[in-house]
Amino acid sequence: MTEAPTPLWEVFIRPRNGLAHRHVGSLHAADAEMALQSARDIYTRRGEALSIWVVPSSAIVACDPADKGMMLEPTATKIYRHPTFYEVPEEVGNM
Amino acid sequence: MRPSADPINPDRRAAWLIRLGDDALMLGHRLSEWSSRAPTLEEDIALSNLALDLIGQTRAFYQHACKLEGGMRDEDGLAFRRSEHEFRNVQLVEQLNGNFADTIVRHVLFSAFAYPFHRALSRSHDPEVAGIAARAGNEMAYHLRHSGEWLIRLGDGTAESHAKAQAALDMLWPYVDELFASDALDREMAESGFGADPAQVRPAFDSAVERVLSEATLERPPAAPGHRGGRDGVHTEHLGHLLAQMQYLQRAHPGASW
């Protein structure tokens, strides 16, 4: 007997108000509802989340590591793009 | 707690809370037996979470019961130093894990009872009982959803999963009536405003189970004479084996601690 592989899902949680959802990991689940429940059970055991997203891993479009030179390398060398010339006041908090 | 507002003997309240703790303890222990053995890693963690919820409820009910008793014993004494006939859990929760469908059906049946029951109990005039029940109600809502969604997928899944889910339902259904069979103590607690009457939540159970079973394409088994006796300390053969494992350490090394 052969079984279709259980789909893979990526999990995003938003830990606090004002913060963005952050990728925390992945899991296997048969469908969206079960993926959401598993995400709750696996990634929010200590009350880390206000909100949970699950996304089919197959829906994620990733850049090709072979294109690293063209896609990612040049930006690191353009120092004028880096906002390092002033200090962020502490009251601003998370940026 | 104002004694004048509560004419009942504290020990009877404690005895009633111990029933609720016993239900949660046995089911929690059963679920913990799945740790490292569940069908998938995700479900392994999920079942362990459910087990820990139930052990947490057990501790809360036991601790409050011990306080009402006046401190003659503690929560460990209740869990580890009572014998089979002293436990007052319903027989459903001591049933074997069996296959995954057996565990899921057992959990649907218990949480479809426990969710509305704790909701009702959260209106207790004892603030501590109300607080424990409010938290337990939230937890059992999730238990019902999780096990219910699984049962829908098992019942409406493959021919094999459907057959196993239906067999589990047929096997466990005779234990359902006991959940709602209130006795004099249940009614006394409900009437005094301290407790809640399990018989009152049967309609909520029926509609929740009906919804899950119809989505799962499973047949509700016909009503039949059910098993009874757990509340009087009469248990199936499985409880003794469960206790042998659960209590071994405290029996062999009394007072052992972390």
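**View 1. B:Thr217 in the loop between α9 (202-215) and α10 (237-252) of chain B.** Helices here are DSSP runs of H or I with at least four residues, and strands are runs of E with at least two, numbered from the N terminus. The model is predicted, so local features need pLDDT of at least 70 and side-chain atom pairs count only at pLDDT 80 or more, while totals for chains, interfaces and linings use all residues. Residues are numbered from 1 along each chain as its sequence is written, chains are lettered from A and ligands numbered from 1 in the order in which they are written, and side-chain values use heavy atoms, with hydrogens and water left out. B:Thr217 has a phi near 55°, a positive value in a residue other than glycine. Its relative accessibility is 42%, which counts as partly exposed (buried is under 20% relative accessible area, exposed over 50%, partly exposed in between; 1.4 Å probe, protein chains only).

**View 2. B:Ser36 in the loop between α1 (10-32) and α2 (41-69) of chain B.** Phi of B:Ser36 is near 75°, again a positive value in a residue other than glycine. B:Ser36 is exposed, with 63% relative accessible area.

**View 3. The interface of chain A with chain B.** Contact (heavy atoms within 4.5 Å) joins 11 residues of chain A to 11 residues of chain B. The two chains bury about 1,200 Å² between them, 51% of it on carbon and sulfur atoms; buried area is the accessible area (1.4 Å probe) that two parts lose on being put together, summed over both. On the chain A side, A:Met34, A:Gln37 and A:Asp41 lose the most area to chain B, together 43% of what that side buries.

**View 4. The salt bridge between A:Asp31 and B:Arg153.** The side chains of this pair meet at 2.5 Å, N to O. A salt bridge is a side-chain nitrogen of Lys or Arg within 4 Å of a carboxyl oxygen of Asp or Glu, and the count between chain A and chain B is 1. On the side of chain A that touches chain B, β2 (22-28) and α1 (32-43) each supply at least two residues. The largest share, 7 residues, comes from α1(A).

**View 5. The largest nonpolar core, with 74 residues.** Such a core is a set of buried Ala, Val, Leu, Ile, Met, Phe, Trp, Tyr and Cys residues joined through side-chain atoms within 4.5 Å. Among the residues with the most contacts inside it are B:Trp16, B:Phe110 and B:Leu121. Helix α4 (residues 100-121) of chain B gives the most to this core, 12 residues.
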